[in-house]
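Here is a short report for a first look at this protein. Keep the sequence and the 3D view open while you read.

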Amino acid sequence: MSDLESLRTRLLAEIAAAADDKALETARVEALGKKSALMGFLRDLGGLDVEARKARGAEVNAVKAQVEEAFAARKAGLKSAALEARLAGERLDVTLPARPASAGSTHPISQVTEEVTAIFADMGFSLREGPQIESDWHNFDALNMAPEHPARQEHDTFFMSPRPDGSRHVLRTHTSPVQIRTLLEEGAPVRFIAPGRVYRSDYDMTHTPMFHQLEGMAIGKDVTMANLKWVLEEFLKAFFEIDNVELRFRASHFPFTEPSAEVDVRCDRSGGKIKLGEGNDWLEILGSGMVHPNVLRAGGVDPDQWQGFAFGMGLDRLAMLKYGIADLRGFFDADLRWLRHYGFNPLNVPTLRGGVSG
Ligand code: DAH
C-alpha cells in the first residue's frame, strides 16, 4: 500500500471514530492542518518534474477532497445525533394529566378584570390598553390638566428621569390617558374600556403605590348622561350579582369631564361588613361625567359633532368589595397562603352565561 493510500485509510478511520465535536476538530487539525502529513505530501510536489507533479498532485488532492467530505459528513452526523439525543431526553407526554397539587390560581385582580371585561363586552364595549410609562401630555395636558392645574399636584406622580429632549415621562397616574390614545387612533364613534395598572406615590391601609383602574368611554352623536347611568347600573348589577343596586350621582369636579359626577352605591355597613343594595349608607365607587370638549379636541374629535361619557373606577376596590378582602396590601404581597385562599380556579373563565364569579 502506498504511503498516501495508508494515510487516507487512517484519516478516514479517525474521522469516523471521532465521538464528539471536540474529537472531530482534533482529527481535522491532524488531517488537514499545516503540519499534517497530507500537507507534507502537497509540499513535496515541488520537487517533482511537471508530468509527475500533475499526476501526484491529482492523487493527493483527491485524498484531501475525500477527507474533507468525510469530515463534513461526520460533523453533520454528530449534529443530528446530538439533536436526536436532546429530543429523546426532553420528551414530554403532553397527554399526561396535570398534577392538581401544583395547579396555580387566578389572582383576584385578574379575575375581576376578566369579569368586568365580560360584562362590558356584552354592552358593546371593546378592550383597549395603553402604556404604563406615559408622556405627561397624555397623562395630564390632553386631559385638560394644564401644567399649573391644581389637580396635577393631587396625583402624587412618579416621574421618570428626563429624556434627552428634556421631556419627562411619568408612570401613568390613571387610566384616563387611554381615552386620548384611543380617540387619536380611532376617532369617533367609539366605545371601550381600558383596565390596567396605575401608579401614585402613596402607601397605607387603603393605598398602594401601584393599583388598578378601569376606564370606560363611549362617544357618539347622541350619547348622554342617561346612557352613562344605565350602563353603570347594568354593570353593577351584573358584577355584584344583585338586582336592587341603587346609585346616587353626586355633583363633583374632574378636569376631563363637564358635568362631572361621583357615583355612590347604597350600602349597609352595620355588623362590620359592607352589604350593597340595602341599608342607609352610601359608598363611593367611581368618578364619571360627560367628556370635556377640550379632551375630545385633544383626541382629534370635533366636539360640535360628537359627545359622550367617561368613567373611572378602582378595580382593587371592586375586588375587595365583591370578595370580602379586607386589606388592600394583601393583593401585592405574593403570599402563597393568601393566593390559595383568595385565588380562583384558572379553568373557570367568567362569562355572562356561565356566571361571572369564579
Ligand atoms: N381619572 C380619575 C382618577 O384617577 C378617575 C376618573 C374620573 C376617570 C372621572 C374618568 C372620569 O374617566 O370621567 O381619579
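Is phenylalanine 240 buried or exposed? Phenylalanine 240 is buried, because its relative accessible area is 13% and the cut-off for buried is under 20%. The model is a predicted one.

**Domains**

Start with the overall layout. The protein is divided into two parts: domain 1 covers 3–89, and domain 2 covers 108–342. Their C-alpha centres lie 72 Å apart.

**Aromatic rings**

A pair of aromatic rings is described by two things, the distance of the centres and the angle of the planes. The count here comes to 11 aromatic pairs. Take phenylalanine 120 and phenylalanine 235: their ring centres are 4.7 Å apart and their planes stand at 25°, so this pair is stacked. The pair links distant parts of the chain. Phenylalanine 120 belongs to helix α5 (residues 108–122), while phenylalanine 235 belongs to helix α9 (residues 225–240). The two are 115 residues apart. Phenylalanine 120 is buried, with a relative accessible area of 0%. Phenylalanine 235 is buried too, also at 0%.

Phenylalanine 239 and phenylalanine 240 make another pair, with ring centres 4.8 Å apart. Their planes meet at 85°, so the pair is edge-to-face. Phenylalanine 239 is buried, with a relative accessible area of 0%.

Which residues form one aromatic cluster? The members are Phe120, Phe125, Phe235, Phe239, Phe240, Phe309 and Phe311. Both pairs described above therefore have their rings in this cluster.

Charges also sit over rings. The charged end of lysine 322 lies over the ring of phenylalanine 239, at 4.4 Å from its centre. Arginine 329 lies over the face of tyrosine 203, and here the distance to the ring centre is 5.9 Å.

Rolling a probe the size of a water molecule over the atoms shows where empty space is left. The largest pocket holds about 1400 Å³ of space. It is lined by 47 residues, and the closest to its centre are Phe211, Glu284, Ile285, Gly314 and Arg317. Several elements each supply at least two lining residues, among them α7 (150–154), β5 (210–220), β10 (307–314) and α11 (315–323). Which element gives the largest share of this lining? That element is β9, with six residues.

The second largest pocket holds about 340 Å³ of space. Of its 18 lining residues, the closest to its centre are Ile109, Thr113, Gly196, Arg197 and His212. Here α5, β4 (190–199) and β5 each supply at least two residues. Helix α5 gives the most, with four residues.

The linings divide by residue type as follows.

**Backbone exceptions**

Most residues other than glycine have a negative phi, and most peptide bonds are trans. Some places in this model depart from that.

Where is the peptide bond cis with omega near -5°? It is the bond from alanine 188 to proline 189. Proline 189 is found in the loop between α8 (177–186) and β4.

A cis peptide bond also joins glutamate 258 and proline 259, with omega at about 0°. Proline 259 is in strand β7. At 42% relative accessibility, proline 259 counts as partly exposed. Proline 259 and methionine 225 are 34 residues apart in sequence, and 9.2 Å apart in space, C-alpha to C-alpha.

Now turn to phi. Aspartate 156 has a positive value, near 45°, in a residue other than glycine. Aspartate 156 lies in the loop between α7 and β3 (169–171). It is partly exposed, with a relative accessible area of 33%.

Alanine 334 also has a positive phi, of about 55°, although it is not a glycine. Its place is in the loop between α11 and α12 (336–342). Is alanine 334 buried or exposed? Alanine 334 counts as exposed, because its relative accessibility is 63% and the cut-off for exposed is over 50%.

Notes
Residues are numbered from 1 along each chain as its sequence is written. This is a predicted model: local features need pLDDT of at least 70, side-chain atom pairs count only at pLDDT 80 or more; totals for chains, interfaces and linings use all residues. Side-chain values use heavy atoms; hydrogens and water are left out. Rings of Phe, Tyr and Trp (its six-membered ring) pair if their centres lie within 6.5 Å; planes under 30 degrees apart count as stacked, over 60 as edge-to-face and the rest as tilted. Buried means under 20% relative accessible area, exposed over 50%, partly exposed in between (1.4 Å probe, protein chains only). A charge sits over a ring if NZ of Lys or CZ of Arg is within 6 Å of the ring centre and within 35 degrees of the ring normal. On a 1 Å grid over the protein atoms alone, a cavity is a set of points where a 1.4 Å probe fits but cannot get out, and a pocket is an open set with protein on both sides within 12 Å along at least five of seven lines; lining residues have an atom within 4 Å of a point. Grid points are joined across faces, edges and corners, and a volume is the space filled by probe spheres set on the points. Domain bounds come from an automatic or database domain assignment.
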